[in-house]
Amino acid sequence: MFEKGDLVTYGCKGVCEVKNITTLNLEGIPKDRLYYEMQSMVNAGSRIFSPVGQEEKNAMRAVLTKKEAEELLGQLPECRLCWEKDERRREETYRRIINHSDARGMLCMIRTITDYGRERVLEGRRMPAMDGRYLKAAEDNLYAELSIAMEIPRSALKEYMAARMGELSGALQAL
């Protein structure tokens, strides 16, 4: 069970702060049922309610620790998704990763889509809009979590990631 003040990731909502643990006074909802009341760190105006005891079902987990974040970033060189040519199936994979708040999956997704986008630009083509939307969602959620875990500004993290992925792409092209 999480406590008031804990930072958690909550499915596709990303990093949230547990503001309260309360009951809801709504018709049809048991009066003794406890809910986490959370506020998104990305969308500060939103309030999210999730039943206590259903954390796993709702893809709710503690934010990565600094050690876990560093270990995750250490996996970047080998972190890639198998490219799915079928756009619908590719989108299903993206949606599953985002909705389950899968940190490693989002890292691999960012790497894969970024590399794919670079290839498209070299061919004189644009990245499909769907890939761009999911890239942004993965970056928003993962970078918010990593910046908290590593205690660095999000902008510095984004620059760091861009540099690391650029280095990896350059090394692959040299092979």
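This report walks through a predicted protein model, from its overall layout to its strands, cysteines and helices.

## Ground rules

The model is predicted, so local features need pLDDT of at least 70 and side-chain atom pairs count only at pLDDT 80 or more, while totals for chains, interfaces and linings use all residues. Residues are numbered from 1 along each chain as its sequence is written, and side-chain values use heavy atoms, with hydrogens and water left out.

## Overall layout

The protein has five helices and five strands. Both kinds of element are DSSP runs, numbered from the N terminus: helices are H or I with at least four residues, strands are E with at least two. Along the sequence the pattern reads β-β-β-β-β-α-α-α-α-α.

The C-alpha trace spans about 60 × 35 × 25 Å along its principal axes. Of the 175 residues, 41% count as buried. Buried means under 20% relative accessible area, exposed means over 50%, and partly exposed lies in between (1.4 Å probe, protein chains only). Contacts are heavy atoms within 4.5 Å. Among contacts between residues at least 6 apart in sequence, 57% join residues at least 24 apart.

## Strand 1 and its partners

Two strands pair if DSSP finds at least two bridges between them. Strand 1 (residues 7-10) runs antiparallel to strand 2 (residues 15-22), and three bridges join them. Val8 has Cys16 in strand 2 as its bridge partner. Four residues lie between the strands of this hairpin, and Gly11 takes a positive phi there, near 45°.

Strand 1 also runs antiparallel to strand 5 (residues 60-62), again with three bridges. Here Thr9 stands opposite Arg61.

How many disulfides does the structure hold? It holds one. A disulfide is a pair of cysteine sulfur atoms within 2.5 Å. This one joins Cys79 to Cys108, with 1.9 Å from S to S. The link is left-handed, with -95° about the S-S bond. It ties together distant parts of the chain, 29 residues apart: Cys79 is in the loop between helix 1 and helix 2, and Cys108 is in helix 3 (residues 103-122). Both Cys79 and Cys108 are buried.

Cys12 is in no disulfide; its nearest cysteine sulfur belongs to Cys16, 9.5 Å away. Cys16 is in no disulfide either, and its nearest cysteine sulfur is that of Cys12. Is each of these two buried or partly exposed? Cys12 has 43% relative accessibility, so it counts as partly exposed. Cys16 has a relative accessible area of 0%, so it is buried.

## Helix 1: one buried face

Helix 1 covers residues 66-74, and Ala69, Leu72 and Leu73 are buried in it. Seen down the helix axis, its buried residues fall within an arc of 95°, so they line one face. The arc is that of the directions from the helix axis to the C-beta atoms.

## Helix 2: length, face and ends

Helix 2 has 13 residues, which should span 18 Å at 1.5 Å a residue; its end C-alpha atoms are 18 Å apart, which agrees. The expected span is 1.5 Å times one less than the number of residues. Arg90, Glu91, Tyr94, Ile97 and Ile98 are its buried residues. They fall within an arc of 125° seen down the axis, so they line one face of helix 2. Helix 3 and helix 4 (129-150) are included in what covers them.

At the N-terminal end, Asp86 caps helix 2: a side-chain oxygen lies 2.9 Å from the backbone nitrogen of Arg88. After helix 2 comes Ser101, with a positive phi near 50°.

Methods
Polar contact = N/O pair within 3.5 Å; in protein donor to acceptor, adjacent residues only side chain to side chain.
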